[in-house]
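This report goes through the fold of one protein chain, from its overall layout to individual contacts. The sequence and the model are shown first.

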Amino acid sequence: MSVLALWPTNIWAENLTGTLSSETIDRLIAIGDEYEAAHPHAHKPAAMRGGPEVSYNLLKDNRPETVTFKAILGERMRHLAHAEGFEVETEFEAVCALRRFGPGEYAKPHNHRSVDYVAVLWLSLEQTDDRGDRHQRPAGNRLHLIDPIAARSRFLNHTMLHAIRPLPGLLVIHPAHIFHTSEINLGGVDTVALVTNIRVIDPARHYIQL
Ligand SMILES: [Fe+2]
């Protein structure tokens with residue numbers, strides 16, 4: 001075992017603009033908005049909303065744009081799983097929803113309970129600073145992935161804060177346990193993204209109901 005393999009955190013980051021046309025991206029926004037309008041309580045945690053299921057899953061939609069996105073996501077997830085050392089027959093399940101962050105809004109630092117990976121596909125946003133010389137100054141919409149484990153390996157020159165500058169068509173998949181936060185949307189329009197929670201289907205676990 002080499003020192004550099006001590007604690008890898010694998011992150012998938014890919015610009016899909018060559019694969020998803022701007023028309024496809026616009027359609028994904030329209031489809032997501034349609035589901036948002038029909039499911040106003042979709043983002044309330046399941047244990048707090050009670051009653052019948054009120055969330056939705058864009059991956060159940062059978063229009064060409066969502067079917068294409070689902071295929072891309074599955075393919076990329078299998079690549080990432082290979083890098084993570086999973087067996088090839090490992091299967092995943094996922095739920096996808098549209099999220100909007102209006103001007104002045106941001107995602108508080110959080111991670112995701114009960115899932116293994118999170119995928120974000122940015123669909124639309126206003127770039128407020130695309131320069132690389134603004135060290136430690138907010139660029140707006142930038143996603144920060146926070147890896148406290150990396151911070152323990154000072155001698156490896158790791159940083160615990162990995163910044164991603166989103167563009168429409170950028171897909172990022174990261175482990176769900178990684179804390180993440182977005183900078184405030186400094187633009188004048190909504191930042192729109194598809195957020196997918198992904199978990200490993202693990203039939204070998206012998207959990208029982210309490
Ligand atoms: Fe998140």
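A residue counts as buried if 20 or more other C-beta atoms lie within 10 Å of its own, as exposed if 12 or fewer do, and as partly exposed in between. The model described here is predicted.

## Overall layout

The protein chain contains four helices and eight strands. Along the sequence these follow the pattern β-α-α-α-β-β-β-α-β-β-β-β.

Of the 210 residues in the protein chain, 21% are buried. Among contacts with a separation of 6 or more, 82% are between residues 24 or more positions apart.

## The five-strand sheet

Five strands form an open sheet in the order E1-E6-E3-E8-E2, with antiparallel pairing. Its edge strands are E1 (12–15) and E2, each of which pairs on one side only. From one strand to the next, the twist averages 15°.

Within this sheet, E3 and E8 are joined by seven bridges in the antiparallel sense. Tyrosine 117 has isoleucine 198, in E8, as its bridge partner. Helix H3 packs on the sheet and touches E1, E2, E3, E6 and E8. The direction of H3 makes about 45° with that of E6.

In soluble globular proteins, nonpolar side chains tend to be buried together. Here the largest nonpolar core has 27 residues, and those touching the most other members are Ala119, Leu121, Trp122, Leu123, Ala193 and Leu194. At least two residues of this core come from each of helix H1 (22–38), helix H3 (64–84), strand E2 (91–101), strand E3 (117–124), strand E6 (170–175) and strand E8 (191–201). The most are given by E3, with seven residues.

Which residues does leucine 123 contact, leaving aside its neighbours within four places in sequence? They are Ile25, Leu28, Ile29, Pro168, Val192, Ala193 and Leu194.

## Packing of H1 on H3

H1 and H3 pack at an angle of about 105°, and their axes are 9 Å apart. Because of that angle, H1 is roughly perpendicular to H3. On the H1 side the contact is made by Thr24, Arg27, Leu28 and Ile31, and on the H3 side by Glu65, Thr66, Thr68 and Phe69. By class, this contact of H1 with H3 has three nonpolar, three polar and two charged residues.

## The E4–E7 pair

Strand E4 (residues 143–146) pairs with E7 in the antiparallel sense over four bridges. Leucine 143 stands opposite serine 182 in E7.

In a regular strand the side chains alternate between the two faces of the sheet. For strand E7 (residues 179–182), which residues are on the covered face, and which on the uncovered one? His180 and Ser182 belong to the covered face, while Phe179 and Thr181 belong to the uncovered one.

## Arginine 142

Arginine 142 lies in the loop between E3 and E4. Why does arginine 142 count as partly exposed? Arginine 142 has 19 C-beta neighbours inside 10 Å, and a residue is buried only if 20 or more lie within that distance.

Leaving aside neighbours within four places in sequence, arginine 142 is in contact with Ala163, Ile164, Arg165, Ser182 and Glu183. One of these, alanine 163, is 21 residues away from arginine 142 along the chain, and the C-alpha atoms of the two are separated by 6.5 Å.

Conventions. Residues numbered from 1 in each chain as written. Predicted model: local features only at pLDDT ≥ 70, side-chain atom pairs only at ≥ 80, totals over all residues. Contact = placed C-beta atoms within 7 Å. Core = buried A, V, L, I, M, F, W, Y, C linked by C-beta atoms within 7 Å. Pairing = 2+ DSSP bridges. Axes fitted to C-alpha atoms, helices over the stretch in contact; angles between N-to-C directions. Parallel < 35°, antiparallel > 145°, perpendicular 65-115°, else oblique. Nonpolar A, V, L, I, M, F, W, Y, C, P; charged D, E, K, R; others polar.
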